[in-house]
Amino acid sequence: MEINTLISSQSQDWIYFNLGVVALLILDLGVFNKKAHVIKIKEAIGWSIFWIFLATLYGIYIYTSRGATLATEYFTAYVVEKSLSVDNLFVFAIIFETFKIERKHQHRLLFWGVLGAIVLRATMILAGSALLERFHFLIYVFGAILLFTGIKFLLKKGSDHFEPKKSKTYRLAQKFLPLTDVPHDGHFRRLDPQKGYKAFTLYFVALLVIETTDVLFAVDSVPAVLAISRDPFIVYTSNIFAILGLRALFFVLEDLLERFYYLQSALGVILSYVGIKMLIEYWYKIPVPVNLAVILGTLFISILMSFLLDKKKLRAKA
């Protein structure tokens, strides 16, 4: 079935899902988080559970309405996107530190970052699905890219040091936008007394950097999820639920990120596996339940090994 036909046959699902996402985002920023405040661990855990519950509930809906195969694809895609998104959290922490974003203003910035990411992912997923439908050989290109990225993850020691103020986005913002160093207080533009006009704050520049880094992450994650399912609606919904829960997850894991010693290796294994899956698809299609088992197993082993290593380090310090 062609992509356009598939999308039109699911038009009601697309409309209802997107209306639901818009309603949730309005409630999030307009009601529950209307006032800027520090997201404490208890609140963050509550929101994380809520988003995971909602994603699971939607997976059950897919199972009852469209069958077990698509439901398994949805959950597998969700786990892949969620695990790859955790790597984004390291970058968020660096951006907040670099641009001196206070904790009480971080949630709102992530909200707008997520909104931009939703539009970006929708565009990339629909474009990717259409390209794979028309030019099937691209599956091998995507597979090779994922395999190369996975090997790169496995070979590099530690995370690359990302410096937001040395990024092209920051330099372009300095060149083309009127910027001010006055305290932003959660505003994208503030009056600069010395310049005599409103200028963009570092809060806005931080948002630009978040959006551009998401583009880079999406280059890896979108092909990875398209390798799990060719149904654009399954790919899109799993992506959006993973992204929506990313903000709460950041505040839950903020103090634990450095303890995920083997996360990078786990992501390398997952990307390499998905890349190989795409490359051998012509000769052998790996069953969807096997994909889910391999990905969940890899994440579980990496978390367990990180926990054991952390325990060992604590004992050594004692």
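The protein chain has 12 helices and 2 strands (DSSP runs numbered from the N terminus, H or I of at least four residues for helices, E of at least two for strands). This is a predicted model, in which local features need pLDDT of at least 70, side-chain atom pairs count only at pLDDT 80 or more, and totals for chains, interfaces and linings use all residues. Residues are numbered from 1 along each chain as its sequence is written, and side-chain values use heavy atoms, with hydrogens and water left out.

**Stop 1: the whole chain**

Color by secondary structure. Along the sequence, the pattern reads α-α-α-α-α-α-α-β-β-α-α-α-α-α. Of the 318 residues, 48% count as buried (buried is under 20% relative accessible area, exposed over 50%, partly exposed in between, with a 1.4 Å probe and protein chains only).

**Stop 2: helix H4**

Select 68-98, which is helix H4. Its 31 residues should span 45 Å at 1.5 Å a residue, and the end C-alpha atoms are 45 Å apart, so the two agree (the expected span is 1.5 Å times one less than the number of residues). Center on Asp87. H4 bends there by about 25° (the angle between axes fitted to the seven residues ending at a residue and the seven starting there). H4 is mostly covered, with 23 of its 31 residues buried.

**Stop 3: the largest cavity**

A search of the whole structure finds 3 cavities of 30 Å³ or more. On a 1 Å grid over the protein atoms alone, a cavity is a set of points where a 1.4 Å probe fits but cannot get out; a pocket is an open set with protein on both sides within 12 Å along at least five of seven lines; lining residues have an atom within 4 Å of a point. Grid points are joined across faces, edges and corners, and a volume is the space filled by probe spheres set on the points.

Select Phe92, Gly113, Val114, Ala117 and Leu246. Of the 14 lining residues of the largest cavity, these lie nearest its centre. The volume of this cavity is about 110 Å³. Helices H4, H5 (103-134), H8 (202-226) and H10 (246-253) each supply at least two lining residues. Which helix gives the most to the lining of the largest cavity? H5 does, with 5 residues. By class, the lining of the largest cavity holds 7 nonpolar, 3 polar and 4 charged residues (Ala, Val, Leu, Ile, Met, Phe, Trp, Tyr, Cys and Pro count as nonpolar, Asp, Glu, Lys and Arg as charged, and the others, Gly among them, as polar).

**Stop 4: the second largest cavity**

Next, select Glu81, Asp87, Arg121, Phe153, Asp220 and Leu271, which are among the residues lining the second largest cavity. Its volume is about 80 Å³. H4, H8 and H11 (263-279) each supply at least two residues of this lining. H4 gives the most, with 5 residues. The lining of the second largest cavity has 5 nonpolar, 3 polar and 4 charged residues.

**Stop 5: the second largest pocket**

The second largest pocket has about 480 Å³ of space. Select Lys82, Ser83, Val86, Leu299 and Ile303, the closest to its centre of the 17 lining residues. H3 (41-66), H4, H10 and H12 (288-317) each supply at least two residues of the pocket lining. That lining divides into 11 nonpolar, 5 polar and 1 charged.

**Stop 6: Leu208**

Move to Leu208, in helix H8. Leu208 is partly exposed, at 26% relative accessible area. Leaving aside neighbours within four places in sequence, Leu208 is in contact with Thr169, Ala173 and Leu177.

**Stop 7: two positive phi angles**

Most residues other than glycine have a negative phi. Select Lys100, in the loop between H4 and H5. Its phi is near 55°, a positive value. Is Lys100 buried or exposed? Lys100 counts as exposed, because its relative accessibility is 64%.

Finish at Asp185, in the loop between helix H7 (168-176) and strand E1 (189-192). Asp185 is not a glycine, yet its phi is positive, about 50°. Asp185 is partly exposed, with a relative accessible area of 46%.

Key: Contact = heavy atoms within 4.5 Å.
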